[in-house]
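These are my notebook entries on one protein model. I set down what I looked up, in the order in which I looked.

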Amino acid sequence: MYSFSLFETPIGRCGIAWTMQGIARFCFPEGNDDRTKGRLLKGIDAVEADTPPALIRQAIDLVRQLMAGEKISFAAIPLDLTGVSDFHRRVYQEISKIPPGQTATYGEVAARVGEPKGAQAIGQAMGRNPIPVIIPCHRVLAAGSSLGGFSGAGGVDTKRRLLEIEGALPPEPPSLFDLLDDNSQR
């Protein structure tokens with residue numbers, strides 16, 4: 001049986017689902033509660049809305065702190081990876097070792113899990129991560145430190161912002177249009 005809750009963060013209402021073993025799903029805001037809930041619970045049959053227990057509240061507080069700009073580690077939060085393939089489980093365990101403010105490439109992660117030619121498979125695992133942010137797939141980059149993809153709401157822009165918050169990337173410089181807007185407001 002899965003339980004879930006939607007909760008407020010500085011970027012909107014996120015969703016979290018859990019079992020007795022730990023967190024099983026996380027979802028960024030999807031524009032409204034129905035869409036967020038739909039994405040969070042896709043493929044789950046037995047589910048009920050519930051008040052989060054203490055450990056889940058702790059994870060929610062960490063998510064809020066991260067979204068407010070603090071460097072956060074979720075290493076102590078228990079996860080439920082039931083139904084996740086052994087390969088993806090190994091990948092998620094490996095990327096969970098990447099500390100805030102640091103990154104690794106798909107190729108580096110592939111080598112660490114014993115699949116040195118498996119960078120594409122690592123990218124597929126990142127795209128199927130059921131617990132983004134808590135399993136920090138945003139810390140995995142493409143070759144040449146390109147951001148690669150991100151399957152959460154907001155796509156690569158969300159990934160970039162998370163990496164900026166954690167200090168792994170410098171903030172993006174303002175565009176010419178941003179500078180013009182700033183000057184017009186003076």
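**Entry 1: Ground rules.** I note that this is a predicted model, in which local features need pLDDT of at least 70, side-chain atom pairs count only at pLDDT 80 or more, and totals for chains, interfaces and linings use all residues. Residues are numbered from 1 along each chain as its sequence is written, and side-chain values use heavy atoms, with hydrogens and water left out.

**Entry 2: The sheet.** I looked up the strand order and found an open sheet of four strands, β3-β2-β1-β4, with mixed pairing. β3 and β4 (47-49) stand at the edges with a single partner strand each, so one side of each has no neighbour in the sheet. On average, neighbouring strands of this sheet are turned by 25° against each other, direction ignored. For the terms, I recorded that strands (E, at least two residues) and helices (H or I, at least four) are DSSP runs, numbered from the N terminus. Two strands pair if DSSP finds at least two bridges between them.

**Entry 3: Strand pairs.** How many bridges join β1 to β2? I found seven, and the two strands run antiparallel. Within this pair, Phe4 stands opposite Ala17 in β2, and a hairpin joins the strands through two residues. Strand β2 (residues 12-18) also pairs with β3 in the antiparallel sense, over four bridges. Here Trp18 stands opposite Ile23, and Gly15 stands opposite Cys27. The hairpin of β2 and β3 has four residues between the strands, and Gly22 in the turn has a positive phi of about 150°.

**Entry 4: Helices on the sheet.** I saw that helix α1 (residues 33-41) lies across β1 (2-9), β2, β3 and β4, and runs at about 30° to β2. Helix α2 (residues 54-67) packs on the sheet, touching β1, β2 and β3, and its direction makes about 30° with that of β1. Contact means heavy atoms within 4.5 Å. The axes are lines fitted to C-alpha atoms, for helices over the stretch in contact, and angles run from 0 to 180 degrees between N-to-C directions. I also noted that five of the seven residues of β2 are buried; buried means under 20% relative accessible area, exposed over 50%, and partly exposed in between (1.4 Å probe, protein chains only).

**Entry 5: Phe26.** Is Phe26 buried or exposed? It counts as buried because its relative accessibility is 5%. Phe26 is found in strand β3 (residues 23-27). Leaving aside neighbours within four places in sequence, its contacts include Phe7, Cys14, Leu40, Val63 and Pro130. Phe26 and Tyr106 are 80 residues apart in sequence and 22 Å apart in space, C-alpha to C-alpha.

Entry 6: In helix α5 (residues 119-127), I found Ile122, Ala125 and Met126 buried. Seen down the axis of α5, these buried residues fall within an arc of 100°, so they line one face of the helix. The arc is that of the directions from the helix axis to the C-beta atoms. Their cover includes α3 (86-95), α4 (106-112) and β6 (140-141). Glu94 has its place in helix α3 and counts as buried because its relative accessibility is 13%. Not counting residues up to four places away in sequence, Glu94 touches Val109, Arg112 and Val113.
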